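Here is a short tour to read with the model open beside you. Take your time and turn the view as you go.

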Amino acid sequence: MMTAATLDPTTRPVTVTRARALRAPQWFVILWRNKKARFGMILLAAFVLMAALAPWLAPYDPRYSGFETGLPPSAEHWFGTTGRGYDVASQAIWGARTSLLVGLVAGTVSTAIALAIGMTAGYLGGLTDEVLSFLTNLVLVVPTLPLMVVLAAYMPGGGGVWMVVLVIGITGWAGAARNKRAQILTLRNREYIQGARQAGDGIFHIIFREIAPNMTSLIVVGFIAAVGGAIGAEAGLAFIGIGDPDTISWGTMLYWANSDGALLTGGFARLVVPGLLLALLTTALTFINFGVDALSNPHLREQ
Amino acid sequence: MTYFARRIGFFVLTLWGAVTLNFLIPRMSSGDPAQAILEQVAVKDGYVDPAQLEAVRAMLGVSDASLWSQYVDYLQNLAAGNFGVSYTYFPYTVTDVIGDALPWTIVLLGTTLVLSFVIGTLLGAWVAWRRNSGFDAIVTVGSSFLGTLPFFWLALLLIYVFAITLGWLPSSGGYSGAVEPGPSPEFFVDAWQHFLLPAAAIMITGPIGWMLGMRNNMVASLGEDFARFGRAKGLSARVLALNYGARVAILPNITGFALALGGLVGGTALVEQVFNYPGMGRLLLEAVSNKDFPLMQTIFLFSTVGVLVANLGADLLYGVLDPRARRKEAA
């Protein structure tokens, strides 16, 4: 395997920076070699492009409701129009933005909480660990959807996308926090951590600079899983009418398809398109995670 | 015994935590939900039982009392089984309304949960035994994709195909209006027909988590030294698969049982909503959209406690089945 370690040791300060620069492609190469991860990355890239280029890709303004209602799929309207006169294809394309945005932000929030709680609990141990672990286990067993629904009901002003992001972020961290705590427990007594402690490095320095880099793949796997979970949660919440029903997202598309009787009037495309897009996006993330697992566990690498 | 004592201790603590969480959530909101409810009830109907009003106050909080005395009131009301009146179903109490919905959810969730677990575990064991075959690849990749399909979306598709296009099964409700609910054969047939589609919507993705978990556990357990030793000893494939592989691999799946339940409760809520099934999930969502806070809080509390009890059951079962768990805690 080609690594930076083969570089000339005499130019050490330079190799350190060059090693960093060279390492980035290496993780990518391993990911790319994994067939499942490659498939996932291509699929995800397609969704990102779809979201970024939505204004150019979408045939119509997703908020323009002047079309004839309930049209079947045709050349003008690829997936027909909704019961309220919107173009389904345009809404589906713009919906990628909402899903990716909610997924990224809520995934980041819950990963940050998971990191803070899991790592503090695992590293400090003792009473702090007992209290934080108890909190984690409590949140872990409370059924998530009812908790999200109840929290959302009390949020001021009914709320839009950001309320949904917040609710998803603060309910979805517990499983990841538990994994991180377990991981840090195995790392904290290694020699280099002991060394850093004896050298007088602060707790935050040790946790974030010494321990965290060794947990990168676990953190990335947790983050990608959290993004996928948040995308699904957003759709579920939107579907039951929590959040602003005028947001353009795959969940609200299904909400409207269900409430204006798309099932009865044969609006099959309106039902299938958002659901399949949701499933494909989540699948892309799951498949990337197969590859990230292979990064940290060479046994899983495909030849 | 230490293992069981610890599990029960943890159960009691989490129970207290869940009850307290249920107390704190309404009080963290900026508005005054209790006052709003009381005003609405007063407008809707002149007479309200003072004890019920007191229970609503204890559930949701009133601004003038100290947090501590509110907490004591709240706990006393819970202990007395007094959860207040439902605003939507006034003058019925929350307990009455939940009592009607609970059996539907218990049957729907209970059946699909047990079936999912059994099917998922068996299928996972079989796939693990045939690991690295084409069959394994198809099942693993296929179910990874299938598992990403949202419950409620599958429910919508099933309605579209089986209820509307084919017309085989009813699309909504728990029983038809023509049949009187009761222990009659007609009612059971009718309820069974209404049960099939919601159950199918849950069963499509339900077993997948356990299947993948079982597969991974069993692949690992078959690679252990004891399994290799068993093979060297010349044990039959059947004994090796069941007694050496599956028996060890099933243990983590039992702990996973309770954790998955929390997710399944949410999925069932969405499925109930789609099918207009008269269970707790639909009731919860209905309570949310009507801002029926006492009903909402109580359902939340009930579902959390239900999951906690199931969790305790799984933990205790795990302790009985796996001597290592008992020994580890004792050491």
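The largest nonpolar core has 149 residues, a core being a set of buried Ala, Val, Leu, Ile, Met, Phe, Trp, Tyr and Cys residues joined through C-beta atoms within 7 Å. Buried here stands for 20 or more other C-beta atoms within 10 Å of a residue's own, exposed for 12 or fewer, and partly exposed for values in between, with C-beta atoms placed from the backbone. Those with the most contacts inside the core include Met148(A), Val149(A), Leu284(B) and Met296(B). Val149(A) touches Ile242(A), Leu284(B), Leu285(B) and Val288(B), leaving aside residues up to four places away in sequence; contact requires C-beta atoms, placed from the backbone, within 7 Å.

This is a predicted model, in which local features need pLDDT of at least 70 and side-chain atom pairs count only at pLDDT 80 or more, while totals for chains, interfaces and linings use all residues. Residues are numbered from 1 along each chain as its sequence is written, with chains lettered from A and ligands numbered from 1 in the order in which they are written.

Now to a helix pair in chain A. Helices α6 (residues 144-154) and α7 (residues 161-171) of chain A pack at about 140°, their axes 10 Å apart. Helices (H or I, at least four residues) and strands (E, at least two) are DSSP runs numbered from the N terminus; axes are lines fitted to C-alpha atoms, for helices over the stretch in contact, and angles run from 0 to 180 degrees between N-to-C directions. α6(A) and α7(A) are therefore oblique to each other, as angles under 35 degrees count as roughly parallel, over 145 as roughly antiparallel, 65 to 115 as roughly perpendicular and the rest as oblique. On the α6(A) side, the contact includes Leu147(A) and Met148(A), and on the α7(A) side Val167(A) and Ile168(A).

Chain B has 14 helices and zero strands, and buried residues make up 40% of its 331 residues. Where do the chains meet? In all, 40 residues of chain B are in contact with 34 residues of chain A, and α11(B) gives the most to that side of chain B, with eight residues.

The two contact surfaces can be listed by class, where Ala, Val, Leu, Ile, Met, Phe, Trp, Tyr, Cys and Pro count as nonpolar, Asp, Glu, Lys and Arg as charged, and the others, Gly among them, as polar.

| Contact | Residues by class |
|---|---|
| α6(A) with α7(A) | seven nonpolar, two polar, no charged residues |
| Side of chain B that touches chain A | 26 nonpolar, 14 polar, no charged residues |

Note on methods. Two residues are in contact if their C-beta atoms, placed from the backbone, lie within 7 Å.
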